[in-house]
Amino acid sequence: MNHPAPLSELPAGKNPALRVVPMPADANVHGDVFGGWIMSQVDIAGSIPAVERAQGRVATVAVNSFLFKHPVMVGDLVSFYADIVKTGRTSITVSVEVYAQRMRHSNECVKVTEATLTYVATDDTRQPRMLPTA
Ligand SMILES: CC(C)(COP(=O)(O)OP(=O)(O)OC[C@H]1O[C@@H](n2cnc3c(N)ncnc32)[C@H](O)[C@@H]1OP(=O)(O)O)[C@@H](O)C(=O)NCCC(=O)NCCS
């Protein structure tokens with residue numbers, strides 16, 4: 001059975017790392033947005049606080065978890081909220097939460113995806129680099 005998505009609200013007092021509207025070219029054969037498009041945007045959104053923390057280039061080393069809880073539709077306004085949840089010697093782990101505002105349906109807001117990714121600060125030779133002091 002297809003359960004209706006529970007309505008949500010955008011996180012109060014937080015700025016999204018990224019806001020994007022998917023286009024018809026981002027849809028799968030059923031007309032909903034392709035999961036690979038969402039993964040790509042999540043990777044970009046997560047890298048933004050990682051690059052800021054690393055003060056330079058980073059590479060994605062791991063996608064630790066990824067949950068597509070509800071579909072994203074063409075024309076939704078999709079907001080990606082990215083927060084650093086852990087840092088190590090060279091690594092930065094970021095939680096990304098994704099909300100879709102259904103612009104064609106009274107602006108309803110649904111939390112659609114949650115993911116956690118790890119980035120590694122890298123040097124000019126693409127080797128791991130120690131994080132600068134926070
Ligand atoms: C990222 C990269 C430079 C790391 O080099 P590496 O020699 O594997 O690094 P290390 O084993 O020293 O690990 C570096 C950090 O990553 C962490 N790490 C490695 N594998 C991990 C995993 N599976 N999950 C979470 N963290 C991981 C380590 O714990 C370490 O963190 P710390 O320094 O904070 O303790 C290298 O793996 C790489 O170039 N990968 C390809 C990156 C890429 O192209 N990404 C885009 C997707 S195609």
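## A friendly tour of a predicted chain

Among contacts in this chain between residues at least 6 apart in sequence, 72% join residues at least 24 apart. Keep in mind as you look around that this is a predicted model. The chain holds 1 helix and 5 strands, and from the N terminus on these elements follow the order β-α-β-β-β-β.

**The chain as a whole**

- The chain has 134 residues, and 26% of them count as buried.
- If you follow the C-alpha trace along its principal axes, the chain spans about 45 × 35 × 25 Å.
- An unreviewed UniProt entry carries the annotation "domain: HotDog ACOT-type", and the annotation covers residues 12-125.
- Within residues 12-125, 18% is helix and 45% is strand, and the end C-alpha atoms of this span lie 40 Å apart.

**Helix 1**

- Start at residue 35 and walk to residue 54: these 20 residues form helix 1.
- From its first C-alpha to its last, helix 1 reaches 28 Å, close to the 28 Å expected at 1.5 Å a residue.
- Look for a kink of about 25 degrees at I48, shortly before the proline P49.
- Which residues of helix 1 are buried? They are I38, Q41, V42, A45, G46, S47, A50 and A54.
- The buried residues of helix 1 pack against strand 1 (18-20), strand 2, strand 3 (77-87), strand 4 (91-102) and strand 5.

- You will find Q55 in the loop between helix 1 and strand 2.
- Is Q55 buried or exposed? Q55 counts as exposed because it has 10 C-beta neighbours inside 10 Å, and the cut-off for exposed is 12 or fewer.
- R126 is not a glycine either, yet its phi is positive, at about 70 degrees.
- R126 sits in the segment after strand 5.
- With 10 other C-beta atoms within 10 Å, R126 is exposed.

**Around the ligand**

- There are 13 residues around the ligand, and those that come nearest are A62, G88, R89, T90 and S91.
- Strand 2 (58-68) and strand 5 (108-121) each supply at least two residues of the shell around the ligand.
- Which strand gives the largest share of that shell? The answer is strand 2, with 4 residues.
- Sorted by class, the shell has 5 nonpolar, 6 polar and 2 charged residues.

**A closer look at S95**

- S95 belongs to strand 4.
- Why does S95 count as partly exposed? The reason is that 18 other C-beta atoms lie within 10 Å of its own, while a buried residue needs 20 or more and an exposed one has 12 or fewer.
- Setting aside neighbours within four places in sequence, S95 is in contact with D83, V85 and T116.
- V61 and S95 are 34 residues apart along the chain, and their C-alpha atoms are separated by 14 Å.

Notes: Residues are numbered from 1 along each chain as its sequence is written. This is a predicted model: local features need pLDDT of at least 70, side-chain atom pairs count only at pLDDT 80 or more; totals for chains, interfaces and linings use all residues. UniProt positions are given in the numbering used here, feature names are shortened, and annotations may be inferred rather than shown by experiment. A residue is near a molecule or strand if its C-beta atom, placed from the backbone, lies within 6 Å of it. Ala, Val, Leu, Ile, Met, Phe, Trp, Tyr, Cys and Pro count as nonpolar, Asp, Glu, Lys and Arg as charged, and the others, Gly among them, as polar. The expected span of a helix is 1.5 Å times one less than its number of residues. The bend at a residue is the angle between axes fitted to the seven residues ending there and the seven starting there. Two residues are in contact if their C-beta atoms, placed from the backbone, lie within 7 Å.
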